[in-house]
Amino acid sequence: MEKNLCLRNKYWVLRHGKSIPNEKGLIVSSMENGIKEEYQLADEGVGQAQLAGELFLKELKERNIPLESVRICYSPFARTSHTAKVVASVLNLPFQGPQCKMMGDLRERYFGPSFELFSHDKYPEIWALDEKDPFTRPEGGESVNDVATRLASALAIIESEFQGCAVLIVSHGDPLQILQTVLNATKQNTESSSNDLASIIQAVKVPSVLSQHRKFALVTGELRPVE
């Protein structure tokens with residue numbers, strides 16, 4: 001993986017399958033709403049999660065990675081926990097066992113009350129703000145930098161708890177594209193002499209990097225190795 005980061009694990013990211021909010025065209029980004037079962041996967045999303053699990057299993061076999069080395073870390077939202085549960089079933093891993101870990105810091109980006117439960121058509125307003133200044137928060141919500149900070153924290157926890165594992169991070173569109181943006185930037189940053197994960201990531205959390213997160217967008221149910 002990233003040479004500069006010297007990460008102890010191999011990583012894949014998976015955006016949740018198509019959810020009921022996706023079908024309804026609703027923004028559901030608060031923890032309060034996100035954990036409600038009524039906002040879990042739609043039928044199509046269950047199929048996407050199944051296919052993602054099968055693809056992940058295929059990639060593990062191609063790399064000779066045993067299932068004992070797999071860890072699934074997922075957001076507590078209904079749509080992501082549902083996705084993770086489907087994938088775990090494909091891999092024949094107990095969802096309530098030690099190989100699956102729910103992490104609050106992998107939750108959806110909270111876009112604020114001006115967007116919560118409103119139409120998806122409002123997303124371009126947020127992304128325009130992100131391009132202008134990724135450190136500016138939508139009113140009552142999280143900035144790109146806020147999300148990058150908590151994802152760095154989640155990564156540090158995973159790195160401290162697991163070693164030599166194949167880690168699947170099941171999360172949401174914005175958090176996963178922000179995570180990929182930051183990790184990609186660490187590969188381009190040749191100036192940092194530190195081996196400390198937090199310091200390396202902090203060095204690339206700058207507007208010119210964070211404002212470009214849309215370049216790493218994932219469709220629902222998309223699995224991607226982080227290399």
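Helices here are DSSP runs of H or I with at least four residues, strands are runs of E with at least two, and both are numbered from the N terminus. Helix α6, with 18 residues, reaches 26 Å from its first C-alpha to its last, close to the 26 Å expected at 1.5 Å a residue; the expected span is 1.5 Å times one less than the number of residues. This is a predicted model, in which local features need pLDDT of at least 70, side-chain atom pairs count only at pLDDT 80 or more, and totals for chains, interfaces and linings use all residues. Residues are numbered from 1 along each chain as its sequence is written, and side-chain values use heavy atoms, with hydrogens and water left out.

- Helix α3 covers residues 43–62, and its 20 residues reach 29 Å from first C-alpha to last, close to the 28 Å expected at 1.5 Å a residue.
- Among the buried residues of α3 are G45, A49, A52, F56 and L60; buried means under 20% relative accessible area, exposed over 50%, and partly exposed in between, with a 1.4 Å probe and protein chains only.
- The buried residues of α3 pack against β1 (10–15), β2 (70–74), α4 (78–90), β4 (166–171) and β5 (223–226), where a contact means heavy atoms within 4.5 Å.
- Just after α3, look for N64, which takes a positive phi of about 55°.
- In α6, the buried residues include V144, V147, A148, L151, L155 and I158.
- Most of α7 is covered, with 13 of its 16 residues buried.

**Aromatic rings and charges**

- Searching the whole structure turns up four aromatic pairs. Rings of Phe, Tyr and Trp (its six-membered ring) pair if their centres lie within 6.5 Å; planes under 30 degrees apart count as stacked, over 60 as edge-to-face and the rest as tilted.
- W12 and F56 have ring centres 5.3 Å apart and planes at 70°, so this pair is edge-to-face.
- That pair links distant parts of the chain, as W12 sits in strand β1 and F56 in helix α3, 44 residues apart. Both W12 and F56 are buried.
- For Y123 and W127, the ring centres are 5.2 Å apart and the planes are at 10°, so the pair is stacked.
- Y123 and W127 are four residues apart in helix α5 (residues 123–132), and so about one helical turn separates them.
- Y123 counts as buried because its relative accessibility is 15%.
- F111, Y123 and W127 are linked into a cluster by ring pairs.
- R214 lies over the face of W127, at 3.6 Å from the ring centre. A charge sits over a ring if NZ of Lys or CZ of Arg is within 6 Å of the ring centre and within 35 degrees of the ring normal.
- K122 lies over the face of F115, at 5.0 Å from the ring centre.

**The cavity**

- There is one cavity of 30 Å³ or more in the structure. On a 1 Å grid over the protein atoms alone, a cavity is a set of points where a 1.4 Å probe fits but cannot get out, and lining residues have an atom within 4 Å of a point.
- The largest cavity holds about 30 Å³ of space; grid points are joined across faces, edges and corners, and the volume is the space filled by probe spheres set on the points.
- Its lining is made of A148, L151, A152, L179, V182 and I201.
- The elements giving two or more residues to this lining are α6 (144–161) and α7 (173–188), and α6 gives the most, with three.

**Loop residues**

- S75 sits in the loop between β2 and α4 and counts as buried because its relative accessibility is 0%.
- D105 touches R150, L151, S153 and A154, not counting residues up to four places away in sequence.
- D105 and A152 are 47 residues apart in sequence and 9.0 Å apart in space, C-alpha to C-alpha.
- V219, in the loop between α9 (207–210) and β5, counts as exposed at 54% relative accessibility.

How values were computed: On a 1 Å grid over the protein atoms alone, a cavity is a set of points where a 1.4 Å probe fits but cannot get out, and a pocket is an open set with protein on both sides within 12 Å along at least five of seven lines; lining residues have an atom within 4 Å of a point.
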